[in-house]
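Subject: Structure for you to look at

Hello,

Here is the structure I said I would pass on. Please open it alongside this message and follow the notes below.

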Amino acid sequence: MYEFRIEAADKAELYRQLIEAADALTAGEPDAIANMANVAALLWESLPDLNWSGFYRNVGGELVLGPFQGRAACIRIPFGKGVCGTAAATLEPQCVEDVHAFPGHIACDSASASELVVPIVEDGRLIAVLDLDSPTPARFDAADVEGCVTLAQLLAPRLSGGSKGGHGELKNS
Ligand code: SME
């Protein structure tokens with residue numbers, strides 16, 4: 001059993017604790033799906049005001065639904081389509097205050113109002129995207145982007161199925 005008590009007065013501290021927990025959960029485990037599943041659950045439990053947290057994997061140049069928490073979601077997303085596909089195509093985080101104003105936004109859950117998608121890249125290759133949705137407009141800010149980018153850097157070698165992924169392998173951004 002894992003029990004993480006993530007309580008913080010500010011987002012920087014929240015993400016510090018969250019990343020520490022994600023590190024402990026994924027260190028030494030080479031199975032990408034198991035790691036994505038545990039991190040999706042950790043995000044769901046730790047971050048307030050979400051209606052979806054999870055991953056889309058890069059499978060042969062297409063995003064395919066991975067482990068998540070929340071309502072059943074669309075399965076395949078082409079690169080360049082919607083918020084996830086834009087993050088995949090540009091390799092840049094997408095922090096969207098109002099998903100309804102985002103061209104090509106894919107509505108998986110009508111409750112979603114804002115969204116943060118962060119690409120997970122290892123050795124220049126897109127492994128997956130981390131996707132967070134919220135029912136509150138403008139739920140995500142620069143501190144969420146920074147926290148999720150740091151999390152993505154920690155996770156990249158642990159989601160790529162390679163031989164890397166040692167404990168505490170945080171890269172400088
Ligand atoms: N809204 C996303 C699709 C994935 S769901 O939010 C889970 C998008 O536009 O890419």
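A crossing of two helices is called right-handed if the near helix is turned clockwise from the far one by less than a right angle, and left-handed if it is turned anticlockwise. Please keep in mind that this is a predicted model.

Helix packing

Two packed helices are described by the angle between their axes and by the distance between those axes.

Start with α1, residues 11–26, and α2, residues 32–46. Their axes lie 10 Å apart, and the helices pack at an angle of about 155°. Angles over 145 degrees count as roughly antiparallel, so α1 and α2 are roughly antiparallel to each other. The crossing of α1 and α2 is right-handed. On the α1 side the contact is made by L14, L18, A21, A22, L25 and T26. On the α2 side it is made by N35, N38, V39, L42, L43 and S46. Sorted by class, the residues of this contact are 8 nonpolar and 4 polar, with no charged ones.

Next, α2 and α4, the latter being residues 142–159, pack at an angle of about 155° with axes 9 Å apart. α2 and α4 are therefore roughly antiparallel to each other. Here α2 contributes A32, N35, M36, V39 and L43, while α4 contributes L151, L155, R158 and L159. The contact of α2 with α4 has 7 nonpolar residues, 1 polar and 1 charged.

How are α1 and α4 oriented, roughly parallel or roughly antiparallel to each other? Their axes cross at roughly 10° and come within 9 Å. Angles under 35 degrees count as roughly parallel, and α1 and α4 are therefore roughly parallel to each other. The crossing of α1 and α4 is right-handed. From α1, the contact takes in K11, Y15, L18, I19, A22, D23 and T26. From α4, it takes in A143, D144, G147, C148, T150, L151, L154, L155 and R158. By class, this contact of α1 with α4 holds 9 nonpolar, 3 polar and 4 charged residues.

The cavity

How many cavities of 30 Å³ or more does the structure hold? There is 1, and the volume of the largest cavity is about 120 Å³. It is lined by 15 residues, and those closest to its centre are I106, C108, E115, D131 and D133. At least two lining residues come from each of β1 (52–59), α3 (82–90) and β6 (125–134). The largest share, 3 residues, is supplied by α3. Divided by class, the lining has 8 nonpolar, 3 polar and 4 charged residues.

Please go through the helix pairs in the order given, and then turn to the cavity.

Regards

Conventions:
Residues numbered from 1 in each chain as written. Predicted model: local features only at pLDDT ≥ 70, side-chain atom pairs only at ≥ 80, totals over all residues. Heavy atoms only, no water. 1 Å grid on protein atoms, 1.4 Å probe; cavity = no way out; pocket = protein on both sides within 12 Å on 5 of 7 lines; lining within 4 Å. Points joined across faces, edges and corners; volume = space filled by probe spheres on them. Helix = DSSP H or I, 4+ residues; strand = E, 2+ residues; numbered from the N terminus. Nonpolar A, V, L, I, M, F, W, Y, C, P; charged D, E, K, R; others polar. Axes fitted to C-alpha atoms, helices over the stretch in contact; angles between N-to-C directions. Parallel < 35°, antiparallel > 145°, perpendicular 65-115°, else oblique. Contact = heavy atoms within 4.5 Å.
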